[in-house]
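Visitor: I'm new to this one. Could you show it to me and explain the words you use as we go?
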Amino acid sequence: MNSEVNVVVKDTDRTMVELKHVEKYYGELHALKDINLKVKKGEVVVLIGPSGSGKSTLCRTINRLESINSGEILIEGKKLPDGGAALAGLRAEIGMVFQSFNLFAHKSVLDNVCIGPVDVLHRPKEEVKKEAMELLKRVGVDSQAEKMPAQLSGGQQQRAAIARSLAMHPKVMLFDEPTSALDPEMIQEVLDVMIELANEGMTMIVVTHEMNFARSVADRVVFMADGAIVEENTPEEFFTAPKSERAKEFLESINRH
């Protein structure tokens, strides 16, 4: 089984992200229930489950885009700060790619990639620009560098958004349904970039409905329902022999479509 080989190769026994007893409420809604999760360096963890199960909320708590009510989130053993410069510094180490591309509409694609390293990391502009062009080339959109985001296809915008995150040299990349706003023919071009990152050993936490990606790229699948982690396993085990009734129902509903 490929994924098991990957785990052995990638796992350095260094925990990059850890959630301990994390609880999150939106008013009466209990959005995250006693979440405990460890992600090792170089591991690709895919969060799947029905809509409203808490996957995106969990992903967004890891860089404090969503606050938590109780519990702890640790990045490389350091507790995630509540705010201020310490949080900004830690956030700079966590790349995030959203469902909607979140590029600055009034800046060129190249400027979008350069802005973080220049404004946040205070790196020299020319050095950043050179690296930004290399990153855009890596994701296949270097020819679009001077264009505005609106001039690009959705797939190109999302690949530019990935380059923008990589420009910050993140230790962890979070992907929150990165292909769900894309037309079917553009999905694979974004997934290909993500597969390449995974193969290079990037630590990744991915919320997705793309089951083939989960099956072939994940080291571990985490299945969520009703705000809780119901089960987690290798893709092979999860997709061929899910343990919980909830996971069986979910996989059956996917297979019906």
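Visitor: Which residues is Q144 in contact with, leaving aside its neighbours within four places in sequence?
Guide: Those are V109, L152 and Q156. Contact here means heavy atoms within 4.5 Å. Bear in mind that this is a predicted model, where local features need pLDDT of at least 70 and side-chain atom pairs count only at pLDDT 80 or more, while totals for chains, interfaces and linings use all residues. Residues are numbered from 1 along each chain as its sequence is written, and side-chain values use heavy atoms, with hydrogens and water left out.

Visitor: Why is Q144 called buried?
Guide: Buried means under 20% relative accessible area (over 50% is exposed, in between is partly exposed; 1.4 Å probe, protein chains only). Q144 has 11%, so it counts as buried.

Visitor: What makes the link between Q144 and S143 a polar contact?
Guide: The term asks for a pair of N or O atoms within 3.5 Å; within protein, one must be able to donate a hydrogen and the other to accept it, and residues adjacent in sequence count only if both atoms are side-chain atoms. The side chains of Q144 and S143 are joined at 3.2 Å, so the pair qualifies.

Visitor: And where is Q144 found?
Guide: In the loop between α5 and α6. Helices (H or I, at least four residues) and strands (E, at least two) are DSSP runs, numbered from the N terminus.

Visitor: Why is α5 called oblique to α6?
Guide: Their axes come within 9 Å and cross at roughly 140 degrees. Angles under 35 degrees count as roughly parallel, over 145 as roughly antiparallel, 65 to 115 as roughly perpendicular and the rest as oblique, so this pair is oblique. Axes are lines fitted to C-alpha atoms, for helices over the stretch in contact, with angles running from 0 to 180 degrees between N-to-C directions. Where they meet, L135, L136 and R138 in α5 face A160, A163 and L166 in α6.

Visitor: How do you know that E131 is buried?
Guide: E131, in helix α5, has 18% relative accessibility, so it falls under the cut-off for buried. The E131 side chain also makes a polar contact with the side chain of R123, at 2.8 Å.

Visitor: What makes β4 and β5 a pair?
Guide: Two strands pair if DSSP finds at least two bridges between them. Two bridges join β4 to β5, so they pair.
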